[in-house]
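Welcome, and thanks for taking a look at this one with me.

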Amino acid sequence: MSDAPVAPVAVVLVAMDDEAAPFLSLASDVGEPERVGFAEQRPITLAGRPVVLVRTGIGFVNATAAGTGAILRYGAGVPLISAGSAGGLAKDVAVGDVVLGARIVNADADARAFGYVLGQVPGMPEAYDAAPTLADAVRRAAATVDDQVREGSIGSGEKFVTSDLAQQLRADFPDVLAVDMESAALAQLCHNFGVDFVSVRAVSDLCAPDGTEFRTHVDDAAHRSAEVVTAAIGLLGG
């Protein structure tokens, strides 16, 4: 009789293959991928810990579908970590900075006509705080890597943020350091299921007029995010 599979200590979710690649290179063991809907799940070993790496696809719906599949399969006791690249929004953020999303806000949500604050989905919190144990592990991991790790808010929406939209987002969300297209959806999902969550994204571009800067730096940003997340996974429970 074969041994039962070891439960993962975390599920790491990335949107794209480019963001999955550095986790695969850092893993000491890589299992076979399994297609679950549009997403791809793969067991790997990071920092000596069993982890499930999920390539979700881009955007809120793909992230939510993939995250739901992981929660239903591995249980609400396994934390979810959103990793990969992001656009730098705050004026003092630089390409290559890693952002610990202490708070996550939905930059697309606007129900102010009904008394909600900008960024708040009706019936949901104004923002989603990172799970304290996960945030603490990321903070401790930051001391073990060479990358600049910033802590603050991450905003998410389903538009690729170029310079014109960035100006409006800076005015609407002055505390947001970086923007992506998945973390807010995953944060809301984890809130609803009672799952611990954190987002750790590295800045690939500064919301330039087109996608050239993103395409140039996405690989490096993904690697920086993966380094910090891998170091944090090694500290979970420690």
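1. Two strands count as paired if DSSP finds at least two bridges between them. In this predicted model, strand S6 (residues 80-88) and S10 are joined in the antiparallel sense, over 2 bridges. Within that pairing, Gly88 stands opposite Ala178 of S10.

2. S10 also has a partner in strand S9 (residues 149-156), this time in the parallel sense and over 4 bridges. Here Gly155 has Val179 of S10 as its bridge partner. Strand S10 itself (residues 176-180) is mostly covered, with 5 of its 5 residues buried.

3. The largest nonpolar core holds 32 residues, and Val12, Phe23, Val229 and Ile233 have the most contacts inside it. Helix H6 (residues 212-233) is the top contributor, giving 6 residues to this core. Apart from it lies another core of 31 residues, including Val11, Ala39, Val78 and Val195.

4. Beyond its neighbours within four places in sequence, Val12 is in contact with Phe23, Val51, Val52, Leu53, Val54, Ile81, Ala83, Val229 and Ile233.

5. Which residues of helix H3 (residues 132-142) are buried? They are Leu134, Ala135, Ala137, Val138 and Ala141. These residues lie on the same side of H3 because they cover an arc of only 160° around the axis. On the face turned away from the buried side, H3 carries the exposed residues Pro132 and Thr133.

6. Finally, the rings: a search of the whole structure finds 0 aromatic pairs. Arg55, however, lies over the face of Phe38, at 5.2 Å from the ring centre.

Notes: Residues numbered from 1 in each chain as written. Predicted model: local features only at pLDDT ≥ 70, side-chain atom pairs only at ≥ 80, totals over all residues. Heavy atoms only, no water. Core = buried A, V, L, I, M, F, W, Y, C linked by side-chain atoms within 4.5 Å. Buried < 20%, exposed > 50% of the residue type's maximum accessible area, 1.4 Å probe, protein only. Contact = heavy atoms within 4.5 Å. Arc of directions from axis to C-beta. Phe/Tyr/Trp six-rings, centres within 6.5 Å; stacked < 30°, edge-to-face > 60°. Lys NZ or Arg CZ within 6 Å of the ring centre and 35° of its normal.
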